[in-house]
Amino acid sequence: MKLKHVAFDLHGTIDKNPSFFKKLSNEIYLLDKDFKIFILSGSKEDTIRRELNDLNFEEKYYTDILSINDYLDSIGVIKTYIESRNEITYDEDLWWATKRILCTKFNIGFLIDNDIRYSIYFRNIINLPIVRANIAYKKECPIFYLYSNFENDYDAKFIANFLNF
């Protein structure tokens, strides 16, 4: 089975345990040097890049950065004022759907993210309590979700097993 590209979220995911995601990146590249590993997050690309540098998550651990903010700006989406939050932002439904849109556009087979709100936009979802990654992480073990663009649950479970979750 030829796997598609992969993506990791930054906020609440990589930043919770950068050493685990460095190791995972290395393992993925050892499996297939043609894999592309994307960092897929909401902030602007320059902000994401700066935050990755602060975590010592160097470019050797990923291929490219995808920004929800930059993508929505590039296609001309207009921000709106949300009175209840006193904030100018994008339409909330479009914002949450954009990770799936970017995964499809860039042939990303799966995304590891900590936020359940993306779940309605993906075909499959598997809870990944990454216990072994958090031995040195002294707080409660975060839950990550494997969002899959694969056609069926079997393919998503194959990925989860491959990653030893």
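Which residues of β2 lie on one side and which on the other, and are they buried or exposed? Ile37, Ile39 and Ser41 form one side, Phe38 and Leu40 form the other, and all are buried. Buried here means under 20% relative accessible area, exposed means over 50%, and partly exposed lies in between (1.4 Å probe, protein chains only). In a regular strand the side chains alternate between the two faces of the sheet. Strand β2 spans residues 37-41, and five of its five residues are buried.

The model is predicted: local features need pLDDT of at least 70, side-chain atom pairs count only at pLDDT 80 or more, and totals for chains, interfaces and linings use all residues. Residues are numbered from 1 along each chain as its sequence is written, and side-chain values use heavy atoms, with hydrogens and water left out.

The protein chain has five helices and eight strands. Helices (H or I, at least four residues) and strands (E, at least two) are DSSP runs, numbered from the N terminus. Along the sequence the pattern reads β-α-β-α-β-α-β-β-α-β-β-β-α. Of the 165 residues in the protein chain, 47% are buried. Contact means heavy atoms within 4.5 Å. Among contacts in the protein chain with a separation of 6 or more, 68% come from residues 24 or more positions apart.

Two strands pair if DSSP finds at least two bridges between them. Strand β1 (residues 5-8) runs parallel to β2, and three bridges join them. Ala7 has Phe38 of β2 as its bridge partner. From β1 the chain passes through helix α1 (residues 18-31) to β2, in a right-handed β-α-β crossover. Right-handed means that, with the strands pointing away from the viewer, the path from the first strand over the helix to the second runs clockwise. Strand β3 (residues 64-67) also runs parallel to β2, and four bridges join this pair. Here Ile39 stands opposite Ile65. A right-handed β-α-β unit is made by β2, helix α2 (residues 45-54) and β3.

The whole structure holds nine salt bridges. A salt bridge is a side-chain nitrogen of Lys or Arg within 4 Å of a carboxyl oxygen of Asp or Glu. One of them joins Glu27 and Lys23, at 3.7 Å from N to O. These two residues are four apart in helix α1, which means a separation of about one helical turn. Glu27 is partly exposed, at 35% relative accessible area. Lys23 is also partly exposed, at 45%.

A second salt bridge links Asp70 and Lys44, at 3.5 Å from N to O. Asp70 lies in helix α3 (residues 68-74) and Lys44 in the loop between β2 and α2, so the pair ties together parts that are 26 residues apart in sequence. Asp70 is partly exposed at 27% relative accessibility, and Lys44 is partly exposed at 32%. Asn69 lies in helix α3 too. This residue is buried, with a relative accessible area of 15%. Not counting residues up to four places away in sequence, Asn69 touches Gly42, Ser43, Lys44, Lys79, Tyr90 and Trp95.

Asp113 and Lys99 form a further salt bridge, with the closest N and O atoms 2.4 Å apart. Asp113 lies in strand β6 (residues 108-113) and Lys99 in helix α4 (residues 92-105), so the pair ties together parts that are 14 residues apart in sequence. Asp113 is buried, with 1% relative accessible area. Lys99 is buried at 1% as well. Asp9 joins Lys99 and Asp113 in a network of salt bridges.

Helix α4 has 14 residues, which should span 20 Å at 1.5 Å a residue; the end C-alpha atoms are 20 Å apart, in agreement. The expected span is 1.5 Å times one less than the number of residues in the helix. A bend of about 35° falls at Thr98. Bend is the angle between axes fitted to the seven residues ending at a residue and the seven starting there. The buried residues of α4 are Trp95, Trp96, Ala97, Thr98, Lys99, Arg100, Leu102 and Cys103. Their cover includes β2, β3, α3 and β6.
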